[in-house]
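Trainee: I'm new to this one, could you walk me through its salt bridges?
Mentor: Gladly, let us look at it together.
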Amino acid sequence: MPRFPPSPSPNLLQRLFSSSSNKRSSSSPTAALLSGDFHLRRFSSGNAARAAKGEKEPWWKESMNKVRNIGISAHIDSGKTTLTERVLFYTGRIHEIHEVRGRDGVGAKMDSMDLEREKGITIQSAATYCTWKDYKVNIIDTPGHVDFTIEVERALRVLDGAILVLCSVGGVQSQSITVDRQMRRYEVPRVAFINKLDRMGADPWKVLSQARAKLRHHSAAVQMPIGLEENFKGLIDLVHVKALFFHGSSGENVVAGDIPADMEDLVAEKRRELIETVSEVDDVLAEKFLNDEPVTAAELEEAIRRATIAQKFVPVFMGSAFKNKGVQPLLDGVVSYLPCPTEVNNYALDQDNEEAKVTLTGSPDGPLVALAFKLEEGRFGQLTYLRIYEGVIKKGDFIINVNTKKRIKVPRLVRMHSNDMEDIQEAHAGEIVAVFGIDCASGHTFTDGSVKYTMTSMSVPEPVMSLAVQPVSKDSGGQFSKALQRFQKEDPTFRVGLDPDSNQTIISGMGELHLDIYVERMRREYKVDATVGKPRVNFRETITQRAEFDYLHKKQSGGAGQYGRVTGYVEPLPSDSKEKFEFENMIVGQAIPSGFIPAIEKGFKEAANSGSLIGHPVENIRIVLTDGASHAVDSSELAFKMAAIYAFRLCYTAAKPVILEPVMLVELKVPTEFQGTVAGDLNKRKGIIVGNDQEGDDSVIQAHVPLNNMFGYSTSLRSMTQGKGEFTMEYKEHSAVSNDVQTQLVNAHNATRPTD
């Protein structure tokens, strides 16, 4: 598509470039600008130094600069689906445009809410590859539900930049705030796109001020609309000062024209506002601005890029995806302002050095480091998507899975391109590729063996909640187990087990919402309806004092009997101990033959799996064996194992056991007028409020609350705050319950136990 030269009216250009800031008041915050707290990224300085020394650019530099890995995220119904459809059309990824279901019977099915309904091309595949003006753009599927799963973290790790879509009528909505907060946490630079300017009540300037107030964005418009609602005709590019009109049946021809005469003053004002906002966070532009020097389009573009990548500025684009207006300039903005892979800092954790953080160079010259961020069941088996952070991967290479220590050969390397898979021989840092025939789980890291890095922590939090699930119809048992197997591979915090008493399948995870999502995905992706039992909290038991044991297991029943005696003590482990169970053999001499010691340890471990208070596992316990006795004929591994189990049960009560319950760190954001009600409710739930901050009109409350008291909290919070409150919850620790709760739990457990 040809780029047209800018053709604004000469008098407007003259006014803009001669005095870009003549209306700025003298009381401007120059001190802030000149104090110099500007963290400029690895930009022109490095290149200039290299040029001065006469060094050549590395071979990969140019191709890396032309790669963009972006995600598109938005509140539901902001037009994310429609926008993605247009992006794919203009980049030649699809050959006709369909609207979201209903209008033409085909439907744009890249709907983030219904992943498996595709248009015969699997855009739902984790990364869709398209090209725009010599740039390779990977559009990465960002999760629809921003839950506290590990999966979300991984999807955002893979992004280098993002487009945040806002509706020009709805403005900044709750999910917009949630996804923006998530991006800020993972330091993803972003551009905003105000969509639906053709709708009744569209007001982009209201949305821009909401983004500044609610999202704390330091932002300004880089475009402004020509007309609104049904009079929306085109856009004015404030950086290059030109009008853009979109012609053709699908808006594919972008024509640059003159700026309407009646808008010249407003354009001059908005451009000045843009320059002023960017100069507050960029010292190069600030210098020109304070000296009243004219700012050229190229200088402004470079300043916006620096500030956006440093996450100090969010450029705001505008348009109407449905009416095919403003999408191509947005794509230009993605390549102009969002970072290439080398401009983003990525960290790995060195497993040889206690998970110390290591900054990756992002260059293909380094050792291979790649992250498997998404798995897909393809026609040819498991398709694994890899984001390569450093080094080069080639077809036929041997790579090491750091998590499983397995050495694997890369049988087939593909790039997802159009609706085909394009076979490639090699791929280097910054690229996203898919690999067939590798057995791994989501979140595993691959290297060439020279380093032992992982991209995500190897320590997976213990699940805190369980649900009993079973398929409604007996016929769907195969799909049911297939779904559970796949979910376990995708998410290490999701566990599956079998309840030995009731023979039910038990799924465990990080909270109510986490497990609900998997039950819903099972229904949607595998067509399995499952009945769900009442949620159960994963309690633990521990001991609080030392207790001695001395037990003789003796059984004579004709022939060889059973004989084993164990003596020693149990004691609690220190609170900072990494181990949850320790066994130590301190026997001097051969009171018990050394061949029986492993059987004794096994017996104690088995006994600790089920404490006598409520039948939950016992942890933070140290067992020391000091003495014992054996019989030349009757002693056996079984005898000593039984002796250990009974010895543990006998001394357990003397060690004053207590029940531990999972305590959650709950963060709430509620309008200030509901603060008292919400805090009172947290106290009722035995919560301890540890922090209370003010953020605009909202109160942010942090509290430690027992998970057992948090069931159904989202409904309560909605009713207390008229639907305006939101909360996130993550596991903090297991801590001891109060005496009255312990008595209740023990009584409830005893009531359910079968009587002998």
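Mentor: A salt bridge here is a side-chain nitrogen of Lys or Arg within 4 Å of a carboxyl oxygen of Asp or Glu, and please keep in mind that this is a predicted model.
Trainee: Okay, how many salt bridges does the structure hold?
Mentor: There are 30 salt bridges in the structure, and one of them pairs D352 with K452, whose closest N and O atoms are 4.0 Å apart.
Trainee: Where do D352 and K452 lie?
Mentor: D352 is in the loop between β12 (346–350) and β13 (356–360), while K452 is in the loop between β23 (445–447) and β24 (453–454), so this pair ties together parts that are 100 residues apart in sequence.
Trainee: Is D352 buried or exposed?
Mentor: D352 counts as exposed because its relative accessibility is 59%, where exposed means over 50%, and K452 is partly exposed, with a relative accessible area of 31%.
Trainee: Switching topic, which residue does D160 form a salt bridge with?
Mentor: D160 pairs with R387, with 3.1 Å between the closest N and O atoms. Since D160 sits in the loop between α6 (150–158) and β4 (161–167) and R387 in strand β15 (residues 381–390), the bridge ties together parts that are 227 residues apart in sequence.
Trainee: And are those two buried or exposed?
Mentor: D160 and R387 are both buried.
Trainee: What about E619, which partner does its side chain meet?
Mentor: The side chain of E619 meets that of K580 in a salt bridge, at 4.0 Å from N to O; E619 is buried, with a relative accessible area of 11%, whereas K580 counts as partly exposed at 38% relative accessibility.

Key: Residues are numbered from 1 along each chain as its sequence is written. This is a predicted model: local features need pLDDT of at least 70, side-chain atom pairs count only at pLDDT 80 or more; totals for chains, interfaces and linings use all residues. Side-chain values use heavy atoms; hydrogens and water are left out. Helices (H or I, at least four residues) and strands (E, at least two) are DSSP runs, numbered from the N terminus. Buried means under 20% relative accessible area, exposed over 50%, partly exposed in between (1.4 Å probe, protein chains only).
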